[in-house]
Amino acid sequence: MAQFLKRSSMQKKSPKTLHRLVLLSDIVHRSLALFIGVLLLSESVAAIPAGIGVRISQQPAATEEDATRAAAGRAYKEGDQLYQQGTAESLRQAIAKLNEALPLYQAVGDKKGEAVTLLGIGKIYDALGEKQKALEFYNQSLPLRRATGDKVGEGVTLNNIGRVYSDLGEKQKALEFYNQSLPLRRATGDKVGEGATLNNIGLVYDDLGEKQKALEFYNQSLPLRRATGDKVGEARTLNNIGRVYSDLGEKQKALEFYNQSLPLRRATGDKVGEGVTLNNIGRVYSDLGEKQKALEFYNQSLPLRRATGDKVGEGVTLNNIGGVYDALGEKQKALEFYNQSLPLRRATGDKAVEARTLNNIGGVYDALGEKQKALEFYNQSLPLSRATGDKAVEARTLNNIGGVYDALGEKQKALEFYNQSLPLSRATGDKAVEGVTLYNVAYLERNRGNLNEAFIQMEAAIEIFEKLRTNVASQQLRASYFATVQNYYKFYIDLLMQLHKQQPSKGFDALALNASERAKARNLLELLTEANVNIRSRGDSELIKQERTFQQQLNAAEQSRVKLLEGSYNNKQLAEIKKQIESLLTELDRVQAQVRVKNPAYAAISQPGAFTLNLQQIQQQVLDDNTLLLEYSLGEERSYLWAVTKTGITSYELPKRADIEATAKEFYNQLKSETGSLESGMKLSQILLSPIANQLSNKRLLIVSDGALQSIPFAALPIKKTSPPTPPLQGEGSNHAPPSLQGKGAGGLGFTPLLVQNEIVSLPSASTLGVLRSQLKGRAPAAKTVAVLADPIFTSDDKRLTSQPQQSNTTIARDAKRSAEEACRTSDLERLEYSSKEAEQILKLVPASQHLQALGSKASHATATSPDLAQYRMVHFATHGCVNEEQPQLSGLVLSLFDDKGNPTNNGFLRLHDIYNLNLPAELVVLSACETGLGKDVKGEGLIGLTRGFMYAGAKRVAVSLWRVNDVATSKLMEKYYQQMLDKGLNPVAALRAAQIEMWQTEQWKAPYYWAAFVVQGEWR
């Protein structure tokens, strides 16, 4: 897949242009597969020559001729041994040895030995990338093979000549030689050779863009390689099949084949092939937006390619590393790597890959605004890709040239190049480039005022991106990929809203709302649906077992990492353990993807656009007469707000993303400070709420936010002061207002927080509530009322322990505490004393038979994961929360690190993967801890953290915090919250509002810092 870079802001002529460049990281991928063909297809040097040398050297040298023949065999055998070492230096030494053997075979008239030696020399030059020299030796070997009637050797040599022509870009000529080789290999029963040549024919069709034909030949080759025990060949064909799926946009399938190939490469000592497959795995991660992970694989590949003298492969990987830096915006660094790659590509005579690097260099200059320089490189690339028949690269370069002319204002010329690119990308099955080019055409037509034509093109582009997304089974990689295409959805939304402005009665605003829903929290929708069909209960038992093993190993590795930090360590040790954690996370993600793919229910779940709701469905399935949906979409040029009621929709244009997010971050920083005030949010409130101020009164607000707005508690946005607080809305358990809400104003201020007027619930998307309701339909509430896990034991000197740990356990105890502190990024994991008081206040509202009290050492991992917890309608955690924004899987809650006797527990963390495995059909889960509503912010997916884990486990709604909360204030807030639910009968959304208003009306807790952090996500009914 291509890498897509939006235009740099440095462009002067067209600062708002968003056309996409198509860089060629897959260049690498192709070159790799081509080079794979080189070594795997040609006959092994060790096979025939070594045999000859051994056989002759075992005979006594009775004559001078015998002695010469024996010397030739010894020289050949030494050359073979040097070749097997696989380094650049040993390959050169091998050539020298074979050149010693060659005149000796010639002197005794041993045509077969001469032919084999010529082939061996050719093969080494081939491996070193010196293709023309290799061809000379192959062409000297061929007539000798024929003259001696060596049909097996003739087939080998014809195959290798074909491979050289393939590498030189002469694909049709390559096919001629392969088609001469194949019948000879079949006629002589050379199954190994037949498998190799079938693989090579597949490679040619692959490079010509005929992907299905390539797969046919690879799938003929693979069983032959397996049947003959050719592990090296099997690894190569698996790699090549992976390459086809990668080019077709089926990245998950590509990874499966690469991950079958890699261990075979390593087991057979195929360092060249290992470098190839590592590179190709890196390319998949790069295409899916995981740039740092891609770099890790490229940086494993590069030294292998250098060590084995693989100049072609070295050029490929250097190009790909340049592509990563290019995508990350480090243009000069990208140029450095491209400029290291280019001479290697020229030296090896590989015109096809040279074209790709030239295209990429053009892309850098394009992004830097140097349009004429970009054109120079594109125009060097284009004839090379055409000459070598590389239609995929040709399509990408034509797209990029079109982008330059578009930026220069030559719209018609740009359109001509886009229209040349489209049929080529379609012919090669390169859906990613097709989608980008369709977007570029749409962008051009939008700028020319042809909105309807732009709409047609974008509909087709979005359909492609949706399909490519569903080809990825890994939730992590699917989210990464979706983040890379978010700008296309934002443009699509903007286009639809421009059409709405032009044609207000055509329903384009409703289509834009649906597009916004399709761009938000899609992984969460699918996860919730997975939970509903219980995808693991019917999954492959062996895979489920592997998943649990990796989870256990991950916990152990994380504990080892922190133990290492506690003692003396060096950077190398720390790097190794971090690398182990990364590897385990990758393996866990891979196994989880296989669990999904192998479950029969997965196909329905993964359909493009599944479960996203349109306007009519939102109105029917999500809203009632008292609820107003406010959905925000932040865009580069302008943002939008849709206000949706049960019967209508209105839409508003807002400022651009950068302006809104800067204002939101300023307000957030005020909120999380004890000195912060409501007044600091006036500017943000004016932007977000003033357009719909007349629609807000006495409405429940369902907020679907975007970007930095996800961290803002809308309840704390200030609005113009009105009469006394509006009572809770009619609904489940909320039919009266508590007296504490009546008659208290906001002092002399002219504004109040929004929650005084409105109930507020947050959701990642409106569609999320639709799926939740489907999941919860008909579910009876649990029999018991509330389970409280609070005030865990974090230190070995806690006074609540019945005994102190034995001397042998003190180090372990210290490590346990240090582990928790490290995970939570705090220097001191202190006891939350008020969490115990908080628990007592909650529990005294419920009879003992209706509650679970788990305090101190009982607030443990074992309690949290016990099936007994499913008996309670409310589950309350009062402890420290740990949010890992880099690796969300490691986020979690800290529970007791010690049992009541002071012995360290085996596991004091309830991590996100543990939560996903819970069965917790609760009406409400409260995470009374710091920052439990935050997480990794992934474009298009939102905050990936603990909330979605508990929703997956079955929670109807989750109350979480948006910053580091005060222990005392949180205890007070929670006490009031449960009083409103358990004493006054309010539902969790209305109850939180009532409790927060009480806090705000109390002078001591008036600052939003003390009460506004907590929000409810999920079902409001």
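What is the make-up by class of the lining of the second largest cavity: how many nonpolar, polar and charged residues?

What we have here is a predicted model, where local features need pLDDT of at least 70, side-chain atom pairs count only at pLDDT 80 or more, and totals for chains, interfaces and linings use all residues. Residues are numbered from 1 along each chain as its sequence is written, and side-chain values use heavy atoms, with hydrogens and water left out.

Now, the cavities. The structure holds seven of 30 Å³ or more. A cavity here is a set of points, on a 1 Å grid over the protein atoms alone, where a 1.4 Å probe fits but cannot get out, and a lining residue has an atom within 4 Å of a point. Volume is the space filled by probe spheres set on the points, which are joined across faces, edges and corners.

The second largest cavity contains about 140 Å³. It is lined by 17 residues, and those closest to its centre are Ala715, Ile760, Leu992, Gln996 and Val1015. And the answer to my opening question: 12 are nonpolar, three polar and two charged. In that scheme Ala, Val, Leu, Ile, Met, Phe, Trp, Tyr, Cys and Pro are nonpolar, Asp, Glu, Lys and Arg are charged, and the others, Gly among them, are polar.

Helices (H or I, at least four residues) and strands (E, at least two) are DSSP runs numbered from the N terminus.

Let's stay with α40. Helix α39 (residues 967–983) packs on α40 at about 135°, their axes 8 Å apart. Axes are lines fitted to C-alpha atoms, for helices over the stretch in contact, and angles run from 0 to 180 degrees between N-to-C directions. That makes α39 oblique to α40, given that under 35 degrees counts as roughly parallel, over 145 as roughly antiparallel, 65 to 115 as roughly perpendicular and the rest as oblique.

Two other pairs are worth a look. α13 (residues 271–287) and α15 (residues 311–327) cross at roughly 20°, with axes coming within 11 Å, so α13 is roughly parallel to α15. α4 (residues 88–107) and α5 (residues 111–127) pack at about 160° with axes 9 Å apart, which makes α4 roughly antiparallel to α5.

Finally, a sheet. Three strands form an open one, in the order β13-β14-β15, with antiparallel pairing; strands pair if DSSP finds at least two bridges between them. β13 (881–882) and β15 (909–911) are the edge strands. Cys882 has Gly892 of β14 as its bridge partner. Thanks, everyone!

How values were computed:
1 Å grid on protein atoms, 1.4 Å probe; cavity = no way out; pocket = protein on both sides within 12 Å on 5 of 7 lines; lining within 4 Å.
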